Amino acid sequence: MPGDVEQFEARAQRYDESTLGRRFHLPVQEAVLGIAARLAPRPEAILDVGCGTGSLLRLAADRFPTARLYGVDPAEAMVAVAAADPRLTVARASAERLSFADAGFDLILSTNSFHHWEDKAMGIAEIARVLRSGGHLVLADPSRSAGYARSPRSCASAIACGPARRSMPRSPASGWKR
Ligand SMILES: C[S@@+](CC[C@H](N)C(=O)[O-])C[C@H]1O[C@@H](n2cnc3c(N)ncnc32)[C@H](O)[C@@H]1O
């Protein structure tokens, strides 16, 4: 197991309540869902790649009540926390090897995970494979230029406010159309 993943096995139970979780990850997730709702107002099937404890998918369940919600994450303990919510279908898998058929999702999300992927090109290729033609990917990842390394709080507010003001020019979040 890559070292990056092992650290999450140990942190899973208290992950959502951590300072990082509340001050940084949650605002990023809310910003990503706002972008996603504009791009895909009524998605049928959503996949969260690197879903961790499923916190983004739980927010998505409220925002997109008719969507089927799937998540993958290589850390077993994170997946176990996410799987406790019966609305979510969660599997232990990495971005580089998604356990889904081609073109099954019309919206794919990923927050705070991309920098952990061992083979980013393969992960993006796998996402392209399971994304339907005309579907959307919204991926957000922390970057030093956004200030994350210095101050999670200031980075979080920059990302959360970005889309409404100016399409998040300083943030690592992007909406890509296939
Ligand atoms: C900082 S956590 C973010 C979790 C969640 N997406 C969030 O926003 O709170 C990073 C997650 O990426 C997962 N991860 C690490 N390598 C991965 C890979 N190759 N593919 C998918 N997820 C990966 C980790 O196990 C961990 O759960």
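**A look through the predicted fold**

Read from one end of the sequence to the other, the protein chain goes α-α-β-α-β-α-β-β-α-β-α-β. That pattern holds six helices and six strands, where helices (H or I, at least four residues) and strands (E, at least two) are DSSP runs, numbered from the N terminus. The model is a predicted one: local features need pLDDT of at least 70, side-chain atom pairs count only at pLDDT 80 or more, and totals for chains, interfaces and linings use all residues. Residue numbers start from 1 along each chain as its sequence is written.

Next comes the question of what is covered up. A residue is called buried if 20 or more other C-beta atoms lie within 10 Å of its own, exposed if 12 or fewer, and partly exposed in between, with C-beta atoms placed from the backbone. By that count, 44% of the 178 residues of the protein chain are buried. As for contacts (two residues whose C-beta atoms, placed from the backbone, lie within 7 Å), residues 24 or more positions apart account for 70% of those in the protein chain with a separation of 6 or more.

Seven of the seven residues of β4 are buried, so the strand is largely enclosed by the rest of the structure. Strands pair when DSSP finds at least two bridges between them. On one count, three bridges join β4 to β1 (residues 45-49), and these two strands run parallel; I46 has L107 of β4 as its bridge partner. On another, β4 and β5 also run parallel, joined by six bridges. Here F105 sits opposite L131 in β5, and I108 faces L137 of β5. Strand β5 (residues 131-140) is itself mostly covered, with seven of its ten residues buried.

Within α5 (120-130), the buried residues are G123, E126, I127 and V130. Seen down the axis of α5, these buried residues fall within an arc of 100 degrees, so they line one face of the helix; the arc is that of the directions from the helix axis to the C-beta atoms.

Helix α4 (76-83) can be looked at the same way. The buried residues of α4 are M78, V79, V81 and A82. They cover an arc of only 160 degrees around the axis, which puts them on the same side of α4. In the loop between α4 and β3 sits R87. R87 is partly exposed, with 14 other C-beta atoms within 10 Å. Leaving aside neighbours within four places in sequence, R87 is in contact with A61 and L69. R87 and P65 are 22 residues apart in sequence, and their C-alpha atoms lie 9.8 Å apart in space.

A couple of loop residues have backbone angles worth a look. Most residues other than glycine have a negative phi. N112 is in the loop between β4 and α5, and N112 counts as buried, with 22 C-beta neighbours inside 10 Å.

Finally, there is the ligand. A shell of 24 residues surrounds the ligand, the closest being G50, G52, A75, S113 and H116; a residue is near a molecule or strand if its C-beta atom, placed from the backbone, lies within 6 Å of it. The shell splits into ten nonpolar, ten polar and four charged residues. Nonpolar covers Ala, Val, Leu, Ile, Met, Phe, Trp, Tyr, Cys and Pro, charged covers Asp, Glu, Lys and Arg, and the others, Gly among them, are polar. Helices α1 (3-11), α2 (19-39) and α3 (55-63) each supply at least two residues of this shell, and α1 gives the most, with three.
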